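Colleague: I am new to this one. Could you take me through it and back up each term you use?

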Amino acid sequence: MNLPIQSNDIQAVIEADRAHVWHHLIQHKPFETIDPRIMVEGRGMRVWDATGREHLDGVSGGVWTVNVGYGRESIADAVRDQLVKMNYFANSAGSIPGAMFAKQLIDKMPGLSRVYYSNSGSEANEKAFKMIRQISHRHHGGRKYKILYRDRDYHGTTIGALSAGGQPQRVEQYGPLVPGFVSVPHCLEYRNQYPDAESYGLAAANAIEEVILREGPDTVGGLCLEPITAGGGVITPPPGYWERVQEICAKYNILLHIDEVVCGVGRTGAWFGYQHYGIKPDFVTMAKGVASGYAAISCTVTTEAVFEQFKDDASDPMSYFRDISTFGGCAAGPAAALENMRIVEDENLIENTQVMGERMMDNLRALQDKHAVIGDVRGKGLFVGAELVSDRKTKDPMEEKRVHAVVADCMAQGVIIGATNRSLHGYNNTLCFSPALIATAQDIDQITDSVDRALTKVFG
Ligand SMILES: Cc1ncc(COP(=O)(O)O)c(C=O)c1O
């Protein structure tokens with residue numbers, strides 16, 4: 001179904017965009033000859049652009065965000081009602097939705113107890129980094145300041161978060177970066193760095209310990225990891241990995257920070273990705289799916305043990321977390337997040353994610369039998385990747401240009417999928433899928449059927 005265009009003068013919109021909007025993550029030279037894409041309307045799993053063309057969205061708003069789908073009037077109503085009652089007050093005071101969402105969130109996160117609000121995934125991660133640094137200053141003489149991050153992981157776009165970025169192409173051209181961030185090896189078994197190890201998971205975790213020992217355990221304050229790496233190629237952890245990571249953190253008194261900006265709030269078929277692996281984190285950060293893009297909100301969630309370290313000396317005027325996020329006080333975020341959470345619960349979207357995720361993996365594995373170019377299929381819930389290779393035996397990665405030709409062909413068929421892009425030199429070769437958690441079997445089949453046709457077209 002193609003919708004009529006809403007504005008009588010969509011050309012004026014396009015020209016205003018072309019003249020004045022600086023879009024994210026995209027080269028602008030082509031817009032001198034082609035129109036920028038303007039998204040006009042969304043409903044459920046589908047979006048319509050300014051030409052009235054319908055697309056099935058297989059990536060939840062491009063960057064795995066719109067978990068409950070488009071056009072949710074109940075979220076818009078909740079936000080509207082909150083904004084006309086009390087839109088904003090700095091978060092040194094509380095708000096009704098801020099308190100109530102924190103309570104409901106903590107109910108889903110046993111072992112954690114405090115929620116710090118801000119606006120984006122990058123910012124939520126920066127807060128955790130600052131907390132770790134402040135703990136180092138107040139409790140370890142400033143020595144335990146280093147923060148470890150993993151190759152291929154991404155934690156955000158600000159200079160601090162970029163300094164914890166395991167994707168070299170994203171970091172390039174923005175140095176010098178912040179000192180005190182140190183990388184550990186990735187854990188992608190398909191690209192096994194320890195072929196002789198008995199257990200890949202243990203070897204990949206032990207590689208973290210090696211870095212800690214090299215740096216000096218008394219200098220390392222935190223370890224920041226995605227539960228399942230997103231933009232670095234949808235990397236699910238190998239068996240045994242997380243148990244060993246947890247042991248290592250406990251052994252060296254290192255705070256474990258899990259970045260759930262993508263995985264959080266149902267995406268992987270659990271409330272949080274870490275909950276699949278029995279991890280006990282010290283920090284969990286989240287953003288995208290928290291309010292599904294209906295309002296800007298992010299959360300840095302931590303334990304009472306961490307929180308206590310910021311109020312140990314009431315007589316010292318500097319003994320508190322000396323941070324503010326202006327719009328962390330905007331009540332639209334938690335109001336949207338409360339209704340978003342209700343929808344996930346009432347519509348059984350976590351269960352749907354498990355079932356539809358299995359279907360998507362099965363469909364892609366069937367395509368792997370048919371198309372030699374698919375080297376590996378991996379994922380959890382509705383968070384799935386298919387790594388393309390030019391040779392299955394050598395696993396040589398497929399050229400980024402040809403991977404993007406598959407994405408473009410799906411788009412031409414009216415299906416939006418994603419791919420890793422300009423992140424890892426030579427390894428931007430994974431197709432990414434993250435449909436909304438409301439996806440039906442027909443939606444999943446439509447996505448994978450379009451991939452089937454695109455692979456045939458691009459690779460024969
Ligand atoms: C795992 C992860 N962490 C953090 C971020 C940064 O979030 P934001 O773009 O909201 O700052 C992203 C963004 O894609 C992400 O994928």
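Predicted model: local features only at pLDDT ≥ 70, side-chain atom pairs only at ≥ 80, totals over all residues.

Colleague: How is the chain divided into domains?

Modeller: Domain 1 covers 10-66 + 348-459, and domain 2 covers 74-346. These bounds come from an automatic or database domain assignment. Taken over C-alpha atoms, the centres of the two domains are 26 Å apart.

Colleague: What makes residues of domain 1 and domain 2 count as in contact?

Modeller: The C-beta atoms, placed from the backbone, must lie within 7 Å. By that test, 30 residues of domain 1 are in contact with 27 residues of domain 2. On the domain 1 side, two or more residues each come from α2, α12, β11, β12 and β16. The largest share, five residues, is from α12. That side of domain 1 has twelve nonpolar, 13 polar and five charged residues.

Colleague: Why are α8 and α9 called roughly parallel?

Modeller: Angles under 35 degrees count as roughly parallel. Helix α8 (residues 200-215) and helix α9 (residues 241-251) pack at about 20°, with axes 7 Å apart. The angle falls under the cut-off, so α8 is roughly parallel to α9.

Colleague: Which residues make that contact of α8 and α9?

Modeller: From α8 there are G201, L202, A204, A205, N206, I208, E209 and I212. From α9 there are Y241, R244, V245 and I248. The contact of α8 with α9 has eight nonpolar, two polar and two charged residues. Is the crossing left-handed or right-handed? For α8 and α9 it is right-handed.

Colleague: How do you know that α12 and α14 are roughly parallel?

Modeller: The axes of α12 and helix α14 (residues 441-459) cross at roughly 20° and come within 10 Å. With the cut-off at under 35 degrees, α12 and α14 are therefore roughly parallel. Their crossing is right-handed. In α12, M356, R359, M360, N363, L364 and L367 meet A441, I444, D445, T448, V451, D452 and L455 in α14. The residues of this contact of α12 with α14 are eight nonpolar, two polar and three charged.

Colleague: At what angle do α3 and α11 pack?

Modeller: Helix α3 (residues 73-85) and helix α11 (residues 332-346) pack at about 145°, with axes 8 Å apart. The crossing of α3 and α11 is right-handed. On α3 the contact uses S74, I75, A78, V79, Q82 and L83. On α11 it uses A332, A335, A336, L338, E339 and N340. Eight of the residues in the contact of α3 with α11 are nonpolar, three polar and one charged.

Colleague: Which peptide bond is cis, and how do you know?

Modeller: The bond from G175 to P176 has omega near 0°, and it is cis. P176 is in the loop between α7 and β6.

Note on methods: Residues numbered from 1 in each chain as written. Axes fitted to C-alpha atoms, helices over the stretch in contact; angles between N-to-C directions. Helix = DSSP H or I, 4+ residues; strand = E, 2+ residues; numbered from the N terminus. Left-handed = near helix turned anticlockwise from the far one by under 90°. Contact = placed C-beta atoms within 7 Å. Nonpolar A, V, L, I, M, F, W, Y, C, P; charged D, E, K, R; others polar. Parallel < 35°, antiparallel > 145°, perpendicular 65-115°, else oblique.
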